[in-house]
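Morning, everyone. I'll take you through one structure today, a few parts at a time. Please have a look at it now.

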Amino acid sequence: MKIKKSDLRSAARLAASQALYQMEVADKGLNDILAEFETHWIGQEIEGDAYNPAEVEFFRDVVSGVLREQTPIDRGLDATLTEGWPLRRVEALMRAILRAAYYELRSRPDVPARVVVTEYVDVAAAFFGPDECGMTNAVLDALARQTRPAEFAANR
């Protein structure tokens, strides 16, 4: 059975968010984290949990792109988050999700902005409740409209 590209990308986004989180909390380097996820997580079964196959090149692009562009990504997220809640106060996994999504909005014009927002809200929903998912949606929607206004111009 052939797996759809959209499913491979969804799994890559989930894995990228988890990898970015793990890099931050475990202080692992890029090469180590890529090797670990590609060898032991993506498409594997661990303790009864099946991890879906993912588009590895897309996973690598998101993880390495966030690291490469982290300063402007973090500045943009800080500017968009609610006053008094800088990015450093956001929970580490949520930070990873927001960074990965904003990287895609900034650097992957091949992916429609609405797809990016929906996909990363879904990633957030795998770990957080409705309040956090709502915040994720609001922040990413604002960033999407700011980063890619042409994609939203027809719907005003």
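Predicted model: local features only at pLDDT ≥ 70, side-chain atom pairs only at ≥ 80, totals over all residues.

An α-helix has 3.6 residues a turn, so residues three or four places apart point the same way.

A word on the length of α7. The helix runs over residues 130-147, which is 18 residues. From first C-alpha to last, α7 reaches 25 Å. The expected value, at 1.5 Å a residue, is 26 Å, so the two are close by the rule for an expected span.

Next, the loop between α6 and α7. Phenylalanine 127 lies there. Is phenylalanine 127 buried, exposed or partly exposed? Its relative accessibility is 36%, so phenylalanine 127 counts as partly exposed. Leaving aside neighbours within four places in sequence, phenylalanine 127 is in contact with Leu14, Gln18 and Leu93. Now take methionine 94. Phenylalanine 127 and methionine 94 are 33 residues apart in sequence. In space, C-alpha to C-alpha, they are 8.9 Å apart.

On to helix α4, where aspartate 74 is found. Aspartate 74 has 16% relative accessibility. Buried means under 20%, so aspartate 74 counts as buried. What is aspartate 74 in contact with, beyond its neighbours within four places in sequence? Leu87 and Arg99.

Two packed helices are described by the angle between their axes and the distance between the axes. Our pair is α3, residues 56-68, and α5, residues 92-107. They pack at about 100 degrees, with axes 9 Å apart. That angle makes α3 roughly perpendicular to α5.

Which residues make the contact? From α3 come Phe58, Asp61, Val62, Gly65, Val66 and Arg68. From α5 come Arg99, Ala100, Tyr103 and Glu104. Sort the residues of this contact by type, and you get five nonpolar, one polar and four charged.

How values were computed:
Residues numbered from 1 in each chain as written. Heavy atoms only, no water. Axes fitted to C-alpha atoms, helices over the stretch in contact; angles between N-to-C directions. Helix = DSSP H or I, 4+ residues; strand = E, 2+ residues; numbered from the N terminus. Parallel < 35°, antiparallel > 145°, perpendicular 65-115°, else oblique. Contact = heavy atoms within 4.5 Å. Nonpolar A, V, L, I, M, F, W, Y, C, P; charged D, E, K, R; others polar. Buried < 20%, exposed > 50% of the residue type's maximum accessible area, 1.4 Å probe, protein only.
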